[in-house]
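Reader: I have a model open on my screen and would like to go through it with you. Can you take my questions as they come?

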Amino acid sequence: MSMMFRAEIEATNRCNTRCLHCPHEAMSRPRGDMTWATYELITSKIRDHTQGEKFALSFSGMGEALLNPEIYRFIKHVSPYAVTSFASNGSVLTESNIAKLIEAGLDRVYFSFNGDDPQTFFHMMGGLSYERVLRNLRQSVRLSKGTRLQIHANVSITKANQDRISSISQMLKEEGVEGPITYSLCHSRGGNLRDESVCDTPPMGQENWGCDVLRNTLFVDWRGHAFICDHDIHGEYGLGDLTAEPLPAILSRRDRLLSDGLSFKMCQECNDIMRIGDSAILRSGAGGIFRDWIYDLYKETDDPLSDATEPFRWIYKIYAKEKRLDRLVNRLLAIESSQQARIDALEAQLAEVRRSRTWKMTNALKEARAWFLQAGRSAN
């Protein structure tokens, strides 16, 4: 089964707040709202490309989608044959607007909810009122019951709220957010966010320059121009003008970039968890995927070594005291590699046994067939 076609259409790149972890103020791309004519042309090309298959449309980009008054018409136009969603800071998700989104057929709205107390929320969300957005969240949960609309949440992790991730998660669940709640580790936004007091996530290695975001999602700005990513806030890495060119030509350029490798400065400086979030950390795949490890880093726990043996607890303290935890990690990786080699060897042996059994069964069937044929001839 082929993967659902995904596009991120920027309904607007205007925003009514300045979140701590967003470089919106640094954006030099032209600002504005997508028109109905541009939207209708783009979605018709997507429909032709998908040939009747359902596709996914997100209306997020670099702005607050509800600031474009056409957003309800945008959603209703594609809701019969698309999965629609957008992320919102929640400030304008009023009871009236939620009712209009439900009537339009929206599938999901992701509240960006980055604090569980007024002070943290105000700091993270650029001065938005915690009480106001919480009230909108509660109304959204209540009104969406029994409808197509699902209320989700995303929590962006920065230095300002990383110690409150568990309590934020618990609060959102208690408020009825259907989940799963997603967590975004603060990142450089393609090198555009450089304040280490907000975010000091280390860069990724060169081996991670490939990009699952580009591979799986086509970003189109409010003018109808396709770019490699919504983090391209200066409009430097275009794929083409979707209002003037066929969609296959733009997708072909994207495929060539993925094949050649992304040598762009923006990509080399990007450390977005979305790039490798579903990757396994260990070779064996044991221990879960990358984004789960990030959440566990900040999750509150009474005893981080609760499952460790007493000797392991003791050796951990020694490595920590000597500031050599990197060597402990290397030791664990060596054990992982050794165990994986044993698993590979056992799987090879099992495959050989299966081949041998198949060969023996095949020969036995041939012998049985020959015997029956001979017996039949003798009887005649």
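This is a predicted model: local features need pLDDT of at least 70, side-chain atom pairs count only at pLDDT 80 or more; totals for chains, interfaces and linings use all residues.

Reader: OK. In what order do the strands of the open sheet come?

Author: The order is β6-β5-β4-β3-β2-β1-β7-β8-β9, 9 strands with mixed pairing. Strands are DSSP runs of E, at least two residues, and helices are runs of H or I, at least four, numbered from the N terminus. Two strands pair if DSSP finds at least two bridges between them.

Reader: Which are the edge strands?

Author: β6 (182-185) and β9 (238-241), each of which pairs on one side only.

Reader: And how do β7 and β8 run?

Author: Antiparallel, with 2 bridges joining β7 (residues 218-220) to β8 (residues 225-227). V220 has A226 in β8 as its bridge partner.

Reader: Switching to helices. At what angle do α2 and α3 cross?

Author: The axes of α2 (residues 71-78) and α3 (residues 95-104) cross at roughly 20 degrees and come within 8 Å. That makes α2 roughly parallel to α3. Axes are lines fitted to C-alpha atoms, for helices over the stretch in contact, with angles from 0 to 180 degrees between N-to-C directions; under 35 degrees counts as roughly parallel.

Reader: Which residues meet there?

Author: From α2, Y72, I75 and K76; from α3, N97, K100, L101, E103 and A104. Contact means heavy atoms within 4.5 Å.

Reader: Where does α1 lie?

Author: Helix α1 (residues 36-50) lies across β1 (6-9), β2 (55-58) and β7, at about 155 degrees to β2.

Reader: Last topic. What volume does the largest cavity have?

Author: About 140 Å³. A cavity is a set of points on a 1 Å grid over the protein atoms alone where a 1.4 Å probe fits but cannot get out, and lining residues have an atom within 4 Å of a point. The volume is the space filled by probe spheres set on the points.

How values were computed: Residues are numbered from 1 along each chain as its sequence is written. Side-chain values use heavy atoms; hydrogens and water are left out. Angles under 35 degrees count as roughly parallel, over 145 as roughly antiparallel, 65 to 115 as roughly perpendicular and the rest as oblique. On a 1 Å grid over the protein atoms alone, a cavity is a set of points where a 1.4 Å probe fits but cannot get out, and a pocket is an open set with protein on both sides within 12 Å along at least five of seven lines; lining residues have an atom within 4 Å of a point.
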